[in-house]
Amino acid sequence: METTIIMIAVLVLGAMALVVAEICTPTFGVLALAALGALVWAVCLAFMLNATFGIGLIVVLLIGMPVFIYYAVQILPKTPLGRHLALRKAQAPAGQGTPE
């Protein structure tokens with residue numbers, strides 16, 4: 001039972017890491033599918049332990065994952081990798097552009 005709970009925690013944390021990797025790299029949803037598979041397997045394991053634990057995990061994931069993704073997207077532009085990935089504002093040389 002303890003190893004199953006540890007496995008569920010590892011699957012959920014691994015799914016969170018895969019979601020962050022999906023946000024940072026252009027894998028076109030491959031890592032997101034792997035994260036979804038890990039979450040589904042974690043829920044299956046939770047239901048094998050106890051129905052109440054399975055339903056509780058579903059509720060926690062339905063609330064927690066969107067919040068996690070929101071904050072991951074908000075924090076990403078502030079990281080060195082995010083600054084490298086984000087587009088910068090174009091700087092027009094002096095003398096170009098529309099007159100004032």
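Which helices are included in what covers the buried residues of H3? Helix H1 (2–24) and helix H2 (30–49) are among the elements that do so, where a covering contact means heavy atoms within 4.5 Å and buried means under 20% relative accessible area (1.4 Å probe, protein chains only). This is a predicted model, in which local features need pLDDT of at least 70, side-chain atom pairs count only at pLDDT 80 or more, and totals for chains, interfaces and linings use all residues. Residues are numbered from 1 along each chain as its sequence is written, and side-chain values use heavy atoms, with hydrogens and water left out.

**Helix H3**

- Helices here are DSSP runs (H or I, at least four residues), numbered from the N terminus.
- The end C-alpha atoms of H3 (residues 51–75) are 35 Å apart, which agrees with the 36 Å that 25 residues should span at 1.5 Å a residue; the expected span is 1.5 Å times one less than the number of residues.
- The buried residues of H3 are Gly-54, Leu-57, Leu-61, Met-65 and Ala-72.

**Glu-22 in helix H1**

- Glu-22 is found in helix H1 and is buried yet has no salt bridge (a side-chain nitrogen of Lys or Arg within 4 Å of a carboxyl oxygen of Asp or Glu).
- The nearest side chain of opposite charge to Glu-22 is Lys-78, 21 Å away.
- The side chain of Glu-22 reaches the backbone nitrogen of Ala-32 at 3.3 Å.

Conventions. Helices (H or I, at least four residues) and strands (E, at least two) are DSSP runs, numbered from the N terminus. Buried means under 20% relative accessible area, exposed over 50%, partly exposed in between (1.4 Å probe, protein chains only). Lys and Arg count as positive and Asp and Glu as negative; His and the chain ends are not counted. A polar contact is a pair of N or O atoms within 3.5 Å; within protein, one must be able to donate a hydrogen and the other to accept it, and residues adjacent in sequence count only if both atoms are side-chain atoms.
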